[in-house]
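Please open the structure in your viewer and keep the selection panel at hand.

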Amino acid sequence: MEIASFSPGRGSTGPRAWLRTDAPAQVFDGRWRFRVWPGLRHAASDPTDADDDGWSDIEVPGHWNLQGHGRPSYTNVRMPFPLDPPHPPDENPIGDYRLDFVPDAAVLAHRRRLLRFDGIESAAEVCLNGVLLGTTRGSRLTHEFDVSDALRDGENRLAVRVAQFSDASYLEDQDMWWLPGIFRSVTLLARPDGGIDDIFCVADYDAATGQGHLDIRVTSTRRAQVLIPALRVDAVAAGRVAVGKVTPWSAEEPFLYDAEVRTTCESVRLRLGFRRVEVCDTVLHLNGRPLMLRGVNRHEHRPEHGRVFDRTVARDELVLMKRHNINAVRTSHYPPHPEVIELADELGLYLIDECDLETHGFASVAWRNNPSDDPRWREAFLDRIRRTVHRDKNHASVLFWSLGNEAGTGLNLEAMARWVKEFDPSRLVHYEGDRSSRYVDVYSRMYASHDEVRQIGEETLRPAPHDATAAELHRRTLPFIQCEFAHAMGNGPGGVAEYWDLFERYSRIAGGFVWEWIEHGIAVTGDDGRRRILYGGDFGEQVHDGNFVIDGLVSVDREPRPGLLHYAAVIAPVQLAVGPRRDEVEVVNRYDFLDLSHLVVRWRRTVDGKDVASSVIDVKAHPRTSTTVALPETAREPHRFDVADVLTVEAALSADTEWAVAGHIVSSGQDVRTAVPARPVATGAATADTAGPARFDAITGDLIELAGLPVDGLKVGIWRAPVDNDRFRGSDEWDRPSYADRWHEAGYDRMQLRLIAREVTDQAVILRLRAAPPIFDEAIDTVLRWTPVEEGTVVLDASFEPRGTWSVEWARLGLDLTIDAVPLGVDIAGRGPMPSMPDNDAAARFGWWRLDAHELIVDHVRPQENGARLEVRQATIRTSAGAVRLSTLDRPFALTTAPWGRQAIASARHHFELESDGRTHISIDLLQAGVGTATCGPGVLPRYRIPAQAASISLLIGRG
Ligand code: GAL
């Protein structure tokens, strides 16, 4: 087997569209026989030998290292073996697959037959009945072999030898698990004589006239007819034909026409969407209108099955995107299963369909010998893009062809771009690595900072400098997208709203794609029988990139992380802002095509948790316009309230769609008015060790009981269990240690408390404390004044005054307390229901939320700070020993409640390592820092950092 060459695979028939046909087919998914060798030199010389020794059953499609043969391994940029192209390492598992089958009579009835492989990682050699059919390269690309002669009537033996690593691995260094095997379907296809071998159909829409045109080319030896019943089209399928007025396709209205292309021998079904994508004067247009891409990067991943496709899961996943206002997917970094493209057509998602290509490993040697610029690899590059484009060329959802990801620059990429433009001028070419944008149609970047995005947005508003190069001049004609931004790793990403403001502000900017949609954890069963989610390094890999593979908006099981909920609010296609006098709502229609007639907009007024008025308001607004709608008197008539008077406006679907039912909320806005209770009168009942429901240790002054509950506290906290973004240096502070390191160096994770003085008057117990990190001389002078008030409650006035020079910003400023009982839940009047961080909070609405214990925490695969609810004004913390109630008497606070402490979180490597310590850990934070997106991109924006500062809060505390 040849696995060290510069060439593409050999022996397959030319690439063509993946078509839905009535020609007979036989799918070979199921149990195959399998054996694995530690390297090519060990492998039996005859992969098809009859001996059954050493063979066992395996599931196809599947990855062998997720089926008990070897272990998965994860690297991001770095190659797991020496850069010695085109040679793979000697230690290179080789899998032999074998299938004995009898072809269906329906297939045998045709003289021509093809054997199709939709995905084999990384290189295969295919034999049928001892005849070598050829080899494959391009793991996520389709390969077909002509088996007309090799196929027998009766017993056949198909043998496929697969190498885990090959020359192809140098071109497939995507940031993901190395998962070898036949992981997509294998199908035997009958090819009728006079049948339809290929179709290339461009369904164009002219927005000026409303007319559709079909440009259809059919590969067949017979004359083909195209039928589109809804358009009364029945024409010879050859070249461009006008089809009259059509309803255009867009993600907002994914209107598809059922079409049939047929000869006398075969019929192919197509679903056509008429649309035109183009660049008009730096602006990305679809169907004659500016287009905004609200995107995510999507890898194919399932925790137990890797990149093996499951239609139900994939459909649910795209539906989930639609429900979160996402309208675009970059298929990072390879073509997904072909049915994903069909689903995107049907559900309405714009695609950047990306070629299976990444040579990022060469970045480790400053791109020396990068295959992208080495003519020996040229055919391999061209083969990959041809296979990508041909397979998916008939789909409305594909707006861009992407040459690949992070493959540096070079002649081979240019050659790919030239081929694409020649073959399919109806779509745009994307490639982020071409910073000069010479051979692409869109200027694309990843993780550019806010400031740079602003500059790029403004660039085209000014004349080009007189000394601009030709490449610069060309780039200035292009729209801009961020093909990756907002790295959704762990608790984050922060700063997305600020990006989106820029995207909306500059017409040149056509949106962006969050990195990334899903976390790629691998599920295994632990010794305790429980399911565990693992990441890089957990399988004993020598070279790996840890939890960098856990960076999604949804968990491995596709449960939304808070980041997805906030992203959905940021990108919501309708923005609803209640006017300051509550007399009107400003409605911004950010749809590109829809007026708002598909939505019902309703406002609701909630006073101290009770709904007091509501009604529907009539809103009409053309796409990309805004309007103001009056609110009735009941929205603002005076009402007495103790905590909050909240006006919420929600826009919901008025009818069911393919992806959500009527009533699904697309967007919401709020006006929140708050009040604080009057300060209760002191009862004058303080003693040396009690202040109403607060009891103190007679010697240390520590709080030991609160509202009848055994507690430990209060401590002053300025540290958090680092989130992933704290553990990396942001692009804005590349030369400084990460915040996690800075905090640790500064001792914030080991703060000590010294009691300076305890004063007791009959009114209050006053504790003067100094909170300070070890080693240094900064301190926070803290005063806790406990004043017992009526009915078993106590007022706590806490004030903080920093002393000395604090050179590192704080993660937060708050009071920490543990209750010696298990948390059962929390009821808040505050922003929720989901957790937020100050720079990642767009979806959090003020409400009276009841949260159960499991909702208090987010099960980030690698544990980190999480679970904060912001702007809380009242909270009841429920524990197994009873409840405690807190209300603010001035500023709101952020509340975090967890069954474990921060040190435990910070030292655990996996969520499953965390065990409840039987206590309820509570933080009442006056200040909290944002999280930013430093894992890739800029760190926390300055406005979300917390320099040392004085602060105070007054709380009313009692039994809940
Ligand atoms: C980008 C890359 C992605 C992913 C991301 C980090 O550079 O294109 O594939 O690696 O960084 O998670």
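Begin by selecting the shell of residues around the ligand: by class, this shell has 5 nonpolar, 4 polar and 4 charged residues. The model on the screen is a predicted one. In total, 13 residues surround the ligand, and the closest are Asp175, His333, Glu406, Glu484 and His487.

Next, display the pockets of the protein. Which pocket holds the ligand? The ligand sits in the second largest pocket.

Now select individual side chains that approach the ligand. Start with aspartate 175, where a side-chain N or O atom is 2.5 Å from an oxygen atom of the ligand. Proceed to histidine 333: a polar atom of this side chain lies 2.6 Å from a ligand oxygen.

Return to histidine 333 and turn to the backbone. Histidine 333 is located in the loop between E27 and helix H3 (338-347). The peptide bond that leads from serine 332 to histidine 333 is cis, with omega near -15°. For context, most peptide bonds are trans, and most residues other than glycine have a negative phi.

Where can another cis peptide bond be found? Select glycine 492 and proline 493, which are joined by a cis peptide bond with omega at about -5°. Proline 493 belongs to the loop between strand E32 (480-487) and helix H8 (496-505).

Move on to tryptophan 367, in the loop between strand E28 (350-354) and helix H4 (378-392). Tryptophan 367 is not a glycine, yet its phi is positive, at about 65°.

Finally, colour the chain by confidence. The chain has an average pLDDT of 97, and 100% of the residues score at least 70. Which element has the lowest confidence in the chain? Select helix H7 (residues 470-475), where confidence is lowest, at a mean of 91. Then select strand E27 (residues 328-330), where confidence is highest, at 99.

Technical notes. Residues numbered from 1 in each chain as written. Predicted model: local features only at pLDDT ≥ 70, side-chain atom pairs only at ≥ 80, totals over all residues. Heavy atoms only, no water. Near = heavy atom within 4 Å. Polar contact = N/O pair within 3.5 Å; in protein donor to acceptor, adjacent residues only side chain to side chain. 1 Å grid on protein atoms, 1.4 Å probe; cavity = no way out; pocket = protein on both sides within 12 Å on 5 of 7 lines; lining within 4 Å. Sits in = over half its atoms within 2 Å of the grid points. Nonpolar A, V, L, I, M, F, W, Y, C, P; charged D, E, K, R; others polar. pLDDT = per-residue confidence, 0-100. Helix = DSSP H or I, 4+ residues; strand = E, 2+ residues; numbered from the N terminus.
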